[in-house]
Amino acid sequence: MSAVEAAVAGVPDDAWLVVVDMQEVFTGESPWATGRFDHAAAGIERLLPRFTGRTVFTRFVAPEHPRGAWVPYYRDWSFALVPDTDPLWDLTEPFATAAADRRDAVVTETTFGKWGTRLQAVTGDHPHLVLVGVSTDCCVLSTALAAADAGATVTVVADACAGASDEDHERALAAMRLYAPLITVV
């Protein structure tokens with residue numbers, strides 16, 4: 001058993017694995033590339049068999065027409081203002097295949113946090129969520145806080161997440177630990 005698998009050994013059998021934003025936009029030469037993306041992906045791959053039938057993949061995409069605070073955000077990141085069908089927003093492998101082969105849900109949002117009506121419709125109102133993915137200091141953090149605030153039990157698997165930098169990853173994990181027992185970092 002790997003360390004990642006051991007970390008979720010005590011998680012209930014009805015928990016949901018939420019794979020946050022394992023997308024092309026966070027790889028390679030993208031301005032949003034996450035340095036340890038491959039490390040997180042390897043950890044997530046080890047978890048997929050444990051959550052067969054209870055996995056949700058999420059995608060972050062740009063809104064067609066940014067509003068409010070998103071206007072200056074996308075002024076800074078204009079490369080991302082492409083339709084949600086653009087390959088930039090595709091799930092990376094093996095997650096694209098896993099989502100298709102396993103018929104797992106894919107939730108697409110224009111917000112950092114993925115907790116909302118779409119994810120709730122799949123997992124239920126007060127689920128146990130196991131969060132993994134990128135970026136620990138942005139979309140994972142935003143999802144964890146909103147889900148916990150709404151009454152979900154949240155477990156974040158640190159070795160199956162990656163931040164914009166190792167320092168940002170650790171700071172986000174430390175912030176989420178402040179929300180115990182609503183959020184548990186393993």
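Leaving aside its neighbours within four places in sequence, with which residues is S30 in contact? Select S30 in this predicted model and display its surroundings: beyond those sequence neighbours, the contacts of S30 are V25 and F79. The side chain of S30 reaches the backbone oxygen of V25 at a distance of 2.5 Å. S30 belongs to the loop between β1 and α2. With a relative accessible area of 15%, S30 is buried, because buried means under 20%.

**The whole chain**

The chain has seven helices and six strands. Followed from the N terminus, the elements run α-β-α-β-α-α-β-α-β-α-β-α-β. The C-alpha trace spans about 45 × 35 × 35 Å along its principal axes. The radius of gyration is 15 Å, which agrees with the value near 16 Å that a compact globule of 186 residues would have. Colouring by accessibility will bring out the interior, as 47% of the 186 residues count as buried. Among contacts with a separation of 6 or more, 77% are between residues 24 or more positions apart.

Return to the loop between β1 (16-20) and α2 (37-47), and select D21. D21 counts as buried because its relative accessibility is 0%, where the cut-off is under 20%.

**Two cis peptide bonds**

The peptide bond from E93 to P94 is cis, with omega near 10°. P94 is placed in the loop between α3 (70-76) and α4 (95-101).

Next, select V134 and S135. These two residues are also joined by a cis peptide bond, here with omega about -15°. S135 lies in the loop between β4 (128-134) and α6 (136-149). S135 is also one of the residues that line the largest pocket, which is the next stop.

**The largest pocket**

Select F26, W32, A33, T34, F60, Y73, F112, S135, D137, C138, C139 and A164, and display their surface; these residues line the largest pocket. The space in this pocket amounts to about 180 Å³. What is the make-up of the lining by class? Nine of the lining residues are nonpolar, two are polar and one is charged. The element that gives the most to this lining is α6, with three residues.

**Helix α6 and its cover**

Keep α6 in view and select its buried residues: T136, C139, V140, L141, T143, A144, A147 and A148. Just after α6, select G151, where phi is positive at about 105°.

Is H128 buried or exposed? H128 counts as buried because its relative accessibility is 16%, the limit being under 20%. Show its side chain together with that of T155: the two side chains make a polar contact at 2.8 Å. Apart from neighbours within four places in sequence, H128 is in contact with V11, P12, A15, W16, T153 and T155.

E170 counts as partly exposed because its relative accessibility is 45%, which falls between the 20% and 50% cut-offs. Finally, draw a distance between the C-alpha atoms of E170 and L119. These two residues are 51 residues apart along the chain, and their C-alpha atoms are separated by 26 Å.

Key:
Residues are numbered from 1 along each chain as its sequence is written. This is a predicted model: local features need pLDDT of at least 70, side-chain atom pairs count only at pLDDT 80 or more; totals for chains, interfaces and linings use all residues. Side-chain values use heavy atoms; hydrogens and water are left out. Helices (H or I, at least four residues) and strands (E, at least two) are DSSP runs, numbered from the N terminus. Buried means under 20% relative accessible area, exposed over 50%, partly exposed in between (1.4 Å probe, protein chains only). On a 1 Å grid over the protein atoms alone, a cavity is a set of points where a 1.4 Å probe fits but cannot get out, and a pocket is an open set with protein on both sides within 12 Å along at least five of seven lines; lining residues have an atom within 4 Å of a point. Grid points are joined across faces, edges and corners, and a volume is the space filled by probe spheres set on the points. Ala, Val, Leu, Ile, Met, Phe, Trp, Tyr, Cys and Pro count as nonpolar, Asp, Glu, Lys and Arg as charged, and the others, Gly among them, as polar. A polar contact is a pair of N or O atoms within 3.5 Å; within protein, one must be able to donate a hydrogen and the other to accept it, and residues adjacent in sequence count only if both atoms are side-chain atoms. Contact means heavy atoms within 4.5 Å. The radius of gyration is taken over C-alpha atoms; the globule rule is 2.2 Å times the number of residues to the power 0.38.
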